[in-house]
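Subject: Structure handover

Hello,

Here is the structure for you to open. My notes follow it.

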Amino acid sequence: MINFIDKILDIYCKIPHSMNVLWIRSDLRIRNNVALANYSSQNNNLFSFYIYDEKKFSTRSAQKWWLVQSLTKFEKDLASIGVKFKFFEGAEEIIFKKILDDFKVTGLFYNKIDDPDEIKIENKIIQISNKKNLEINAYPSNLLQDPLKTNKADNTPFQVFTPYWKSAEEKYVKLSSDHEIKLKKNAKITNDNKKNIEKILPKKDWFKKFEKYWVPGEENAKKTLNEFIKNKISNYHKARDIPSVEGTSKLSPYLAFGEINVKDIFSDCLSIKNKSTGYRKYINEIGWREFAYHLINHFPTMKQKNLRSQFDNFPWIKNEKFLKRWKKGQTGYPIVDAGMRELYETGWMHNRLRMIVGSFLVKHLRIHWLEGEKYFQDSLLDYDPANNVAGWQWIAGCGADAAPYFRIFNPMLQGEKFDPDGIYVKKWVPEIKNLPKEFIHKPWEMTDEICAKIKFNLKKDYFEPIVDHTEARNAALQAFQSLKK
Ligand code: FAD
């Protein structure tokens, strides 16, 4: 590894012997990138680098695809403003040390990431930098505000969303005017990191399907936001719950890679004249993202452990067979299976479905929420360390402001309410597309006569439900009751 880096640095990068450098982490955008703007306006020789650590991404297979697309595009964008870019692979602190050993770096610029694991890495980099007397120029993360700054009157963290957001939003609106940063333009350069970047793609190439659904990169992030504001935001409060309709912004993967600054989303929304109910609801969802970061920063252990320790004795069940059926979308509950198949096919799942499939895993199957969290982490293009863990703890009932454990989503009723004509389910579970509408969310209730008429055999053509809804629900409630003893 080190030899490889030596070669690359010597032959190719030619970092001048005394300079400041820009550490690119997750803010893969030019627009409103505070570290980049400050770096480029204060320096002449512009060199940026990204360190890819396979250990970090080994549990995020889907995101590797997005990262490859995103870095490749970002390199070109950086080149167009005169910033050289180098892609390295290895543990961040080891590669960083190597860069410092070989070159006289005098200062470091970067944007922060408010994820406790990233903060640990940042602290190591700061330590190494301090030893070499580097000047550190760190800028705020891709959040509306510092997640530790908004607390209750007694200075303890919020654990309920509504009062948190009331306080945080008010503060942010007061602050939100001075984020526009002008970039200076320089000559174009060319670069050839592409081959090394592409090496990180997973061996199994299911991700090729993602190309049909997504165009990563800053340009498309901005386009997606503009279209959402123009055509969808006013009806967002209604359409956001209907999975067969594209009623949400689908900005989550762009946010996960920092291809758009959340402050720009917020300010573009603020500039809308008609502050509709849809607008309010949308701003609220952005607030949930802030809240998730508030939580993981105040309670970093929640990435692995129940926020409410009352759940530590919950009788989870280990069942590899059922877990596998859930992952593959073969539970026999069409709405659950549709959600899981949408995830596998597109790398994204509608929020309503995340709640339905999540509830099914932790309540009907009583499999630990960490299993779900892990699978989502690996499969979602928009995996976000705060939103994912907060989402899973919320659904399991062990998190902040969580859905109470005894509120168990009924997959049939959820399907009938949010996909009444079965449009979504038929799209992702085509084997049941000929079922009469009244059975689309409960195929097992069809009589032999109906099955014969439409030539459908539940066992052969689809799946029998892996658990009985009523029995599973009662067992989950009983398990929950056991916590109270
Ligand atoms: P929109 O409805 O357009 O919302 C706009 C933005 O607001 C989103 O991009 C997101 O940044 C934020 N947002 C919306 N809903 C939530 C929410 N409930 N919690 C926090 N932020 C929210 N979101 C992720 O970005 N990454 C994850 O890994 C993730 N895992 C989840 C796991 C579970 C079990 C659940 C229930 C939810 C999870 N969410 C996650 C939240 C939510 O489902 C997604 O943010 C949303 O579906 C993304 O689609 P969108 O961009 O079209 O959302």
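This is a predicted model: local features need pLDDT of at least 70, side-chain atom pairs count only at pLDDT 80 or more; totals for chains, interfaces and linings use all residues.

Residues are numbered from 1 along each chain as its sequence is written, and side-chain values use heavy atoms, with hydrogens and water left out.

**Ligand site**

There are 25 residues around the ligand. Y236, T248, S249, K250 and N351 come nearest. (A residue is near if one of its heavy atoms lies within 4 Å of the molecule.) By class, this shell has 12 nonpolar, seven polar and six charged residues. Here Ala, Val, Leu, Ile, Met, Phe, Trp, Tyr, Cys and Pro count as nonpolar, Asp, Glu, Lys and Arg as charged, and the others, Gly among them, as polar.

S249 has a polar side-chain atom 2.6 Å from an oxygen atom of the ligand. For W348, a side-chain N or O atom is 3.4 Å from a ligand oxygen atom. R354 also places a side-chain N or O atom 3.4 Å from an oxygen atom of the ligand. Taken alone, the ligand exposes 820 Å², and the protein buries 94% of that (Shrake-Rupley method, 1.4 Å probe).

Helices are DSSP runs (H or I, at least four residues), numbered from the N terminus. α13 gives the most, with five residues.

**Aromatic pairs**

The structure holds 39 aromatic pairs (ring centres within 6.5 Å). The rings of W326 and F376 have centres 6.3 Å apart and planes at 10°, so this pair is stacked (planes under 30 degrees apart). W326 lies in helix α14 (residues 320-328) and F376 in helix α17 (residues 369-379), so the pair ties together parts 50 residues apart in sequence.

Best wishes

Terms used
A polar contact is a pair of N or O atoms within 3.5 Å; within protein, one must be able to donate a hydrogen and the other to accept it, and residues adjacent in sequence count only if both atoms are side-chain atoms. Helices (H or I, at least four residues) and strands (E, at least two) are DSSP runs, numbered from the N terminus. Rings of Phe, Tyr and Trp (its six-membered ring) pair if their centres lie within 6.5 Å; planes under 30 degrees apart count as stacked, over 60 as edge-to-face and the rest as tilted.
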